[in-house]
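Dear colleague,

I am passing on to you the structure that I have been examining. Please look at it first; my notes on what was found follow below.

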Amino acid sequence: MRDIAEVMEELKAAPYTEREVCAPHTGVIRFADVKEGDRVSGFTGTWKEIPGTHIATITREKNPRKVLASERGVLQKLYRELDGSFVEAGTPLGVIRHYLTRQEVVSKLLKESLYAFCAPERAKYYFVPDVDKKVKILGCRTVSIHDGMELFIVSRMKREVPLCYSGPAGIIYDVYFDQTKNVDSGSPLIVVCPPEQQSAVEDVVARVQSEWNEGE
Amino acid sequence: MNKQHKVLIANRGEIAVRIIQACVKLGLDFVCVHTAEDACSGHVALAREIGGEKSLYRISSYHDANELLSVADESGATAVHPGYGFFAEDFRFARRVTERERPLVFLGPSWRVIRDLGDKINTKRLARSLGVPTVPGSDRPIYDELEAEKIARSLFDFQMQQGIARPLVLVKASAGGGGMGIEEVYDIDMFRQVYRRIRNYAMRQFKDEGVLIEQRIKDFNHLEVQVLSDRTGRHPVHFGTRNCSIQSTGRQKRLEVAPGFDPSSIKYDFDAAALLDEIVMHSLNMARKVGYDSVGTWEWIVTRDGQPFLMEVNTRIQVENGVSAAISRVKGKEVDLIAEQIRTGLGDPLGYTQDDITFNGVGVEYRIIAEDPDNGFSPWVGDITRFSWDEHEWCRVHTHVPPATPEHPYTIPTEFDPNLALAIIWGKDLAEVTAHGLAFLDTLRLEGHDGKGEPLKSNVEFLKKKTERMLRF
Amino acid sequence: MMEWEKQLHQLADRLCYLKDIFPGKHEEDIALLETRLNDTRRKLETCSAEEAQAEMTSLEDLFFFMECKLEDKLTPMDKVRIVRHPHRICLRDILENVYDNYTEIGGQGEHTNDPAMVIARAYITRKRHGKVYHQPVLVMGHEKGHGEEFRNGGSAKPWGNAKAKHYMGVAETEGIPIHAYVFTPGGYPLEDYPGAAQQIARNIYEMAGLTVPLIAVFSEGGSGGAEAISLADKRLMFSHGYYSVISPEGAAAIEGHLRGGARASADLVERCARDLHLTAEDNLKFGYIDKIIQEPVLGARPYHYEFFRTIRQEVIRATDEVVLSARGLAPLRAATLRRFRDRELNLDEFSVRWDLSRKARQRLVEMRQNKFIKASHRECQNRRSIMGRLGDAWSEQWWEIYNRLIYDFYHRNRRTFSNLLEEIGSEWEMLKLRAMKPWNRLHGKTEEPAGNTEELTTLSEWEEDNHSGWAWVSPKAREDRAVSCPYSAQRGCMDMWAPDLYNEFAGVCSSCGHHFPMEYQWIMNNCFDANSLYEFNTEVEAGNPLHFPGFDEKIAEAKRKTGLKSGCITFEARLDGVQVVVAILVGSFRGGSVGVAEGSKFVAAADRARRKRYPFIVYCHGTAGIRIQEGTHGVIQMPRCTVAVRRYIESGGLYLVLYDTKSYGGPVASFLGCAFYQFAIRSSDIGFAGPGVIKNTTGIDIPPDHHNCYKALSRGHIQGVWDRRDVRANLRQALETMGGRNLYYR
């Protein structure tokens with residue numbers, strides 16, 4: 001656990017993330033009407049129902065699919081030379097420079113300052129069904145956990161085994177995994193906020209709200 | 001055979017390596033696919049070494065037919081080899097491959113054969129129509145409770161007549177599969193209750209109330225007949241039998257032996273030689289009847305008193321094909337079943353008959369897997385730092401694990417089956433092959449550690465233990 | 001000066017009103033009035049009393065003259081603006097001025113579940129031979145409240161309509177007439193329980209069989225919202241009101257292909273208002289209203305007290321007429337009726353009792369039903385020959401007689417007879433059993449033989465129903481291409497190959513179960529017995545009854561593209577041998593919109609099913625609502641078809657609706673939504689207004705799955721969600737287990 005101010009300064013020094021836009025699968029790429037330097041947005045709307053900026057169209061087996069920007073930012077690079085060519089799955093098509101939002105900053109700060117429960121091995125993780133339901137409907141902060149509680153299901157090699165939480169009791173403050181993707185061994189799955197720390201956490205949030213200006 | 005063909009290898013790991021090797025042997029061009037997780041797999045390295053970068057494509061998933069076909073078109077492939085698993089027994093994939101605007105050769109049976117033999121009920125009925133023994137019980141979905149109970153009752157009576165001490169009846173959803181919707185009954189009074197439960201489950205799950213009622217056979221050996229036929233489908237030949245009875249608790253094969261029994265050194269309660277002949281004959285009869293036109297395996301179970309029952313037909317190349325090849329010679333020469341599958345699949349006639357196939361010795365295949373046999377065979381994940389074995393002329397190892405050192409370990413991908421390697425050992429008789437096998441396992445060096453620094457777990461000890469029990473009932 | 005202030009102020013109001021009604025039109029006239037008003041105001045400050053009097057009179061005359069002049073030039077859109085103006089009379093004004101005493105029930109100001117719908121118990125006091133009679137009525141209607149915010153412009157929410165339906169029931173129980181005042185721009189398109197479409201459908205269904213006189217008065221008749229309280233015995237209409245399928249702006253947005261709330265030009269809106277034929281004269285001509293109540297110049301405002309007296313006379317007259325005609329036309333009553341036509345008669349001085357006997361109530365309902373069944377009959381284009389029609393009429397009669405004979409006579413008596421036989425039979429069995437008992441015991445009946453082992457190991461007989469696939473396969477299955485599931489991002493579905501998806505998978509995503517839209521032919525040809533389809537009424541064609549500009553070509557184009565003559569296909573078919581009548585609303589024919597042709601075919605199909613005692617299945621492949629280019633000819637199909645449905649259901653049939661793809665608007669809010677058995681094919685959307693319309697009219701952002709069939713199921717709108725591949729089996733099950741007692745196979 002680190003000092004919040006210190007992490008915050010670090011983030012302020014480098015308030016951007018750069019994310020590659022990759023081909024989701026093989027196919028022939030046609031870029032849309034965008035160019036380097038354009039502003040793009042990710043999914044927006046109350047229900048994230050409005051699709052992000054159209055960056056390219058990838059056609060495979062006569063089925064065109066739009067490649068959309070996944071987050072708000074500026075198109076820093078666009079590999080236009082790929083236009084019209086067949087690409088492999090995962091080929092980078094461009095780079096979005098994304099200015100961290102307040103929420104992302106909070107999430108990063110908490111990861112550093114709260115107790116993080118990490119993946120013991122590389123695998124896919126998900127919550128046990130009743131917790132999963134609660135997280136999906138009411139949000140993760142309604143779930144309080146304690147040491148030894150059966151919390152996760154670890155899925156790998158087509159087998160599923162339960163995993164117990166170990167660490168301080170508290171509520172799940174944030175979730176860092178996506179159940180469709182592999183989590184590397186040692187990366188945090190959740191951060192846990194013990195009741196006595198809750199006010200401190202709220203301070204962090206308030207501080208970010210006031211100190212962090214959402215650029216671009 | 002037309003050497004202009006180019007084969008898309010729609011698989012990964014060990015089988016992909018062997019298909020590449022078969023293509024090279026046949027002088028065919030090939031193209032390989034891999035996912036991001038599999039970038040370090042041996043099949044990728046081999047493809048790069050032989051075919052260069054142009055023979056390799058990164059795709060998003062091995063399960064996505066669209067990826068495979070778009071790579072096929074882009075690379076100019078003309079045929080697809082599905083390997084085993086993934087699309088090997090998917091008749092829709094086979095149909096799509098052959099019926100699309102730019103058709104490709106599917107290196108496997110025609111899609112109709114895959115569909116018909118993939119249907120449990122259809123296979124059982126076909127077998128019965130040819131007088132092939134099948135598991136006693138119904139050969140069509142039963143919808144009527146009274147009829148179901150009548151069958152169950154006669155199954156209990158039947159087993160009593162056979163002198164089975166604890167007769168068992170199996171009730172399963174006819175539309176089900178993979179162990180879902182299946183339950184045992186040991187008492188006829190319980191039958192109705194179980195029947196209704198399965199029927200309701202089937203209705204919910206598969207929208208079909210049909211239920212199959214069969215005898216539950218315990219205490220059996222799992223035998224297979226290796227069949228091969230060219231595209232004419234008229235003259236199937238066999239490459240002997242295999243015994244695959246040594247399995248993990250989850251019914252996964254771990255050790256296979258060819259031939260299926262060894263009456264020359266082990267005494268059985270029945271005429272083992274005659275039994276092997278019988279199941280081979282039945283398998284070939286069925287293959288001829290359906291016009292089987294590729295490699296395939298007829299799976300049998302044989303009870304302790306020597307009764308065979310056909311279980312199912314696997315319409316694909318199998319992992320353990322090498323062990324059959326190890327004991328077979330065609331016109332005195334070694335045979336590669338994968339190459340034969342590709343060669344005949346591309347339209348070549350078989351070029352020999354059963355009379356040209358001879359058998360010699362005993363073969364064993366070990367599946368070397370990072371797993372913990374003492375703990376329900378749960379897979380082990382981590383880095384392999386060392387994997388090597390002594391070379392012998394009686395031993396052949398197929399693996400996709402690249403040479404690993406403590407400096408350059410190989411991380412086992414978590415997405416796939418945890419197979420590391422197949423070792424095929426040959427001996428002129430059972431005693432020799434047992435000795436060879438133990439010698440191989442003793443000198444095998446397989447080391448590694450996981451994220452917590454714990455050492456690698458494997459099934460080598462399990463295989464050693466089982467080597468001594470091979471082919472015994 | 002002070003003494004004129006009030007009058008000046010009033011004139012200024014009238015001027016403002018003119019400006020509002022005629023935005024950007026008649027500017028010279030209005031400017032003239034304005035100058036004169038200002039002149040007068042200035043003059044009044046200095047001039048003498050007499051001069052002032054003269055000035056004022058001349059100014060008032062000028063105003064009146066101008067207003068009369070503008071009245072003659074009123075366009076339909078001007079009338080729409082008059083109706084919408086906050087100064088227009090509202091329901092409270094009517095309650096105050098038309099009735100002698102009223103009590104609002106179920107609400108007080110904003111303290112009610114829906115302030116846009118007001119219910120009141122009121123009295124009309126009439127004298128006869130010096131005796132005073134208080135005649136109670138139930139008054140209901142939309143309250144615009146002169147623009148009060150919480151009234152929501154008279155747009156009733158679903159629960160407001162539910163309230164109306166509840167009090168209709170009260171009036172029915174108490175046997176008092178209902179006066180319904182329609183002041184609504186349309187129903188509020190909320191899907192929250194009970195759901196806009198669903199509730200309107202229930203209301204219409206209720207009114208189709210309501211046994212008390214119902215008089216509706218239209219001021220602003222906005223489509224579905226208006227229909228929710230207006231399936232009446234008499235429909236009166238204010239002369240400056242409008243009754244339309246859609247607001248002119250809405251029509252303009254559709255005509256101009258505008259998206260996302262973009263505004264149509266004033267010119268286009270004006271044109272659409274004209275083309276929709278929404279005025280009182282138009283609707284009187286079509287026969288969808290019975291009488292026009294003449295309003296003062298440029299529309300009624302609260303100070304037009306004379307007008308309220310007219311309304312009073314007219315609603316009393318209408319109620320009397322309805323009551324008397326329901327009582328039957330005995331000679332005496334005929335004479336009374338004739339006297340009513342005399343406009344000069346003061347109905348306050350005269351009294352007709354408004355209660356009805358049971359028989360008269362039946363007759364009342366029957367007359368109302370006939371009235372609506374016949375509505376728009378003239379507009380229907382039927383190309384069937386005279387001989388063909390004669391044949392149809394004959395066959396209808398024959399079925400009537402046949403059913404009488406078979407069901408009412410033969411079956412009833414046969415049942416008695418067979419019951420008797422059965423009882424005798426079982427007596428005999430008992431006797432036999434008793435007699436044989438000693439003998440049986442002696443011989444010890446042999447057990448049934450043990451199971452044959454042969455059976456367990458050899459091939460059994462089995463007639464497998466051929467799994468060779470669907471009888472009808474979509475042409476989309478011929479394309480060699482991959483198709484993505486729209487939920488692939490969330491649910492990880494892989495692309496499917498079109499020939500697999502559209503053939504074997506029946507358009508269902510093999511991993512998540514999402515149902516892709518399929519052609520209507522899929523259900524039509526895969527869910528009924530092979531070669532059992534017999535289509536009827538094929539000669540009825542969709543037309544352009546309003547001569548809506550440019551619509552002839554569009555209809556012709558739809559006919560060419562689909563090969564159909566209208567958006568409704570009606571046929572008889574068998575389902576595992578059971579005869580059924582089926583109507584399909586084809587989503588690909590002008591969006592599945594319903595106009596006169598579709599409504600007429602629907603009514604005929606319901607009638608056919610009733611006569612033949614067949615189940616009546618409606619497959620709504622998709623509908624966008626009422627066909628707006630047909631105006632009120634389209635809207636009237638809502639009550640009309642609902643009446644046909646009610647008649648069918650009450651005759652003891654099974655009316656089942658199956659929704660697919662997207663079903664919105666009028667049809668769902670009437671004859672589809674009123675079914676007791678409504679099912680939806682998975683992934684279909686059901687609702688009142690589409691997401692865009694909701695956003696535009698209410699400003700509420702709705703989630704993307706707002707109209708999803710599972711939401712409709714949770715709200716209690718539909719009774720179940722079906723997998724497309726199970727439709728046949730589920731229909732079979734429904735035929736066996738649902739519906740009334742008078743189906744031919746029961």
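In this predicted model, strand E1 (residues 16-22) of chain A is joined by seven bridges to strand E8 (residues 92-99) of chain A, and the two run antiparallel. One pair to look for is A:Glu18, which stands opposite A:Arg97 in E8(A). E8(A) is also joined to strand E6 (residues 73-78) of chain A, again antiparallel, by four bridges. Here A:Lys77 is the residue that stands opposite A:Val95 of E8(A).

Six bridges connect strand E12 (residues 150-156) of chain A with E13(A) in the antiparallel sense. Within this pairing, A:Arg156 has A:Arg159 in E13(A) as its bridge partner.

The domain assignment divides chain A into domain 1 (15-99) and domain 2 (104-211). The centres of domain 1 and domain 2 of chain A, taken over C-alpha atoms, are separated by 30 Å.

Please turn next to helix H2 (residues 102-113) of chain A. This helix has twelve residues and reaches 16 Å from its first C-alpha to its last, close to the 16 Å expected at 1.5 Å a residue. Which residues of H2(A) are buried? They are A:Val105, A:Val106, A:Leu109, A:Leu110 and A:Ser113. These residues lie on the same side of H2(A), because they cover an arc of only 130° around the axis. An α-helix has 3.6 residues a turn, so residues three or four places apart point the same way. The cover over the buried residues of H2(A) includes helix H1 (4-13), strand E14 (170-175), strand E16 (188-193) and helix H4 (198-211) of chain A.

Finally, I turn to chains B and C. In chain C, 18 residues are in contact with 21 residues of chain B. On the side of chain C that touches chain B, helix H16 (residues 453-457) of chain C gives the most, with four residues. By class, that side of chain C has seven nonpolar, six polar and five charged residues.

Yours sincerely

Methods
Residues are numbered from 1 along each chain as its sequence is written. Chains are lettered from A and ligands numbered from 1 in the order in which they are written. This is a predicted model: local features need pLDDT of at least 70, side-chain atom pairs count only at pLDDT 80 or more; totals for chains, interfaces and linings use all residues. Two residues are in contact if their C-beta atoms, placed from the backbone, lie within 7 Å. Ala, Val, Leu, Ile, Met, Phe, Trp, Tyr, Cys and Pro count as nonpolar, Asp, Glu, Lys and Arg as charged, and the others, Gly among them, as polar. The expected span of a helix is 1.5 Å times one less than its number of residues. A residue is buried if 20 or more other C-beta atoms lie within 10 Å of its own, exposed if 12 or fewer, and partly exposed in between; C-beta atoms are placed from the backbone. The arc is that of the directions from the helix axis to the C-beta atoms. Two strands pair if DSSP finds at least two bridges between them. Domain bounds come from an automatic or database domain assignment.
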